[in-house]
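Please keep the sequence and the structure in view while reading.

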Amino acid sequence: MSKLLWEAIQRSTTGQLMAEEKFETELFPTVLADLQAKHKIEWDGESPIMADPDLADAIFQAGKELLLEVGLYCKNTRRIVKFTAEEIEEAIRTARTEITLGKDRQAITISPRAPGDPQHPYTFFPAGTLTTDIELYKTHAKVVMQEPTCDGVIPIPLYGVGDVKNIADSPAQTLVCLTEAQIMNEAAMWAGKPGLFLGIPMSATTPLTLMSAFGSGLYNKHNCTLPVQIIQDMRIDYDRLNLAFFAEQHGIEPWMSSSPALYAYLTGPEQAAMEIIAHTLGMLAYSGGSLTQAMSISVHGTYIGSDISWCNSAAALAAERNLKLPWVTFGSMGNPAGPLSDEAWFQVAIACISACISGMEGLWLAGGSTGVEARWAGEMARAAATLKPKEGVEMIKKALAAERAPDPAPVSLRALYDMKTLRPCDELVGQYRKFTRIFTELGLSYPSWPH
Amino acid sequence: MATIADLRQLVSETHTEPAEAMTRELLAEGLDPFAILEQGVMTGLNDVGNRFAAKKAIVLDLVRAGVTAKACIPLIEAVLPRGESKKTEKKIVLGTMLSQHNIGKNLVGTLLSIGGFEVVDVGEKNSPWDFYETAESSGADMIAVSVVFAPAMEKFTELVDLLKEMKVREKYRIIVGGAVTSEKWAASEEADGWGSQAKDAVDLARDLLRVE
């Protein structure tokens, strides 16, 4: 067992005792507010992107101090696990900055990239759909994986398999999760991409199912990662530490994930960006991971907005300058009106440009589920990779201000694809062509786009 | 001289001790306790809710406002003429299904308590059986369930089925809310009510439990 994981376990039995309510309503918000003021971290209330290197460094320093001063609250023992500055420095110094996901010809090696770096961020599109119909689920996965710019996928959780419901803590959930894994592997084989990176076991909500998924071999250390994500607002429990130990034992890449909620205990995106850094350093200590997925959400129920995108880009830039970890951010939740709406395409484009100019290494595009959108995301990430931050910010502003056609009625995959050949319909291809033209006119280029 | 408007502002700004002191002062001056409660405490609480809706306040402010209101309300209740208390005598079992998330659930609990309901908070990571068992043992009138991720939706269905199987479905009104839920889904699962925001729980409880 790694030294800092062991220390985390030990300190969960010896650290300061505190009621959780006192931790989350007094200690945590007070220290957070003090550090925000000390480091003068402010959002102007409008900018959708944070591209200031000095502010990024301030956010990083504030996040590090937040972890050192507050520590991680262990829900099992009601004690605070603290790390020393030396331990955190060691965790940063020894962190792996380059990782390989996937296997054989589908392997992708993610190396640190700075804003404007020609190496594009990798795009991970959702595979599957919210259903209990496994054939439909598989078809959704296939149409995404067949695209040449599909770098990897992240499954959509399965509600169930036919009559078998996804029941947490029961073998049924394990069965559903194994079905997810099997379908992902079959779809990748069908697409000619065995060994494709398949993200994380999304139908699993408990450590037992997660471990069983890896025990089956369908998900393994080559094609999948194991979530060890921290609980919002600097909290951990033994589930996280057990999963971290399991990942360590089996050589599985931990999926470090931080998802602070704006307007819960955080006053805005500045505090959320600080918390993402503190979370990341905490996970780095207890899991020894590298791959980091960071995003903010809002208690008002949205995954999009200037506040959220500012936070995500700020945390990414702070990490790029100070950690160099493979950094993946959640971008674009799509549009309820579906892939024939302009908004869905603009959202994907904006998320990709933001990733490029924030120095991100990857992007989890949770919205949408058609292959043509996945292709668009991969092409946008490649086309926008070399944008300078100022150029990217200007392009995002133009995209946000651009006129949108009225939303059409949502349509199913069956109406968008020929279900036998899995070729997209003319209307969907037309939408793709329309947006390649729009972004060509805005100054981007990709070999298959119009010149 | 203190006014009810001053108390409203103190509650709105979540200054617990000053609000408590001012409540005592207003009561000592002989002002109508119902006016102090409604126009001072509850309106101040609504102000925070409105600021929250406009992203000018955070959940922690709502929690703190709840703490402030809870400090003032017993002082007012103590001087209300017997029989005119705002307590509803209705009991609600509240908890989160499966998940460890508790922000929304805690907020609902605070607002229901302030609304005069007795809240039996069963906490987080509950199973359908936890809700059923607590409702039976506490003599509850209603069950309020927070559902914040997809697997918990299935568990909510199980809860409704469990209550039917135990032949107690008609004893309890069931309300549900949370990030992944919708009014349509709640209706399809035979919930008696659904809310998109924490404050909706109070209106639902008053309506379904026929509280004036």
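In chain A, ring pairs join A:W345, A:F346, A:W376, A:F435, A:F439, A:Y446 and A:W449 into a cluster. Rings of Phe, Tyr and Trp (for Trp the six-membered ring) are paired if their centres lie within 6.5 Å, and planes under 30 degrees apart count as stacked, over 60 as edge-to-face and the rest as tilted. This is a predicted model, in which local features need pLDDT of at least 70 and side-chain atom pairs count only at pLDDT 80 or more, whereas totals for chains, interfaces and linings use all residues. Residues are numbered from 1 along each chain as its sequence is written, chains are lettered from A and ligands numbered from 1 in the order in which they are written, and side-chain values use heavy atoms, with hydrogens and water left out.

Over all chains, the count comes to 15 aromatic pairs.

Helices (H or I, at least four residues) and strands (E, at least two) are DSSP runs, numbered from the N terminus. Both A:F124 and A:F197 are buried, a word that stands for under 20% relative accessible area, against over 50% for exposed and partly exposed in between (1.4 Å probe, protein chains only).

In chain B, B:F156 lies in helix 7 (residues 150–165) and B:W185 in helix 8 (residues 183–188), so their pair ties together parts that are 29 residues apart in sequence. B:F156 is buried at a relative accessible area of 0%, and B:W185, at 13%, also counts as buried.

Between the chains, 19 residues of chain B are in contact (heavy atoms within 4.5 Å) with 22 residues of chain A. How many salt bridges lie between chain B and chain A? The count is 1 salt bridge, formed by the side chains of A:D307 and B:K55 at 3.4 Å, N to O, where the term requires a side-chain nitrogen of Lys or Arg within 4 Å of a carboxyl oxygen of Asp or Glu. Helix 3 (33–53), helix 4 (59–79) and helix 7 of chain B each give two or more residues to the side of chain B that touches chain A, and the largest share, 5 residues, comes from helix 7.
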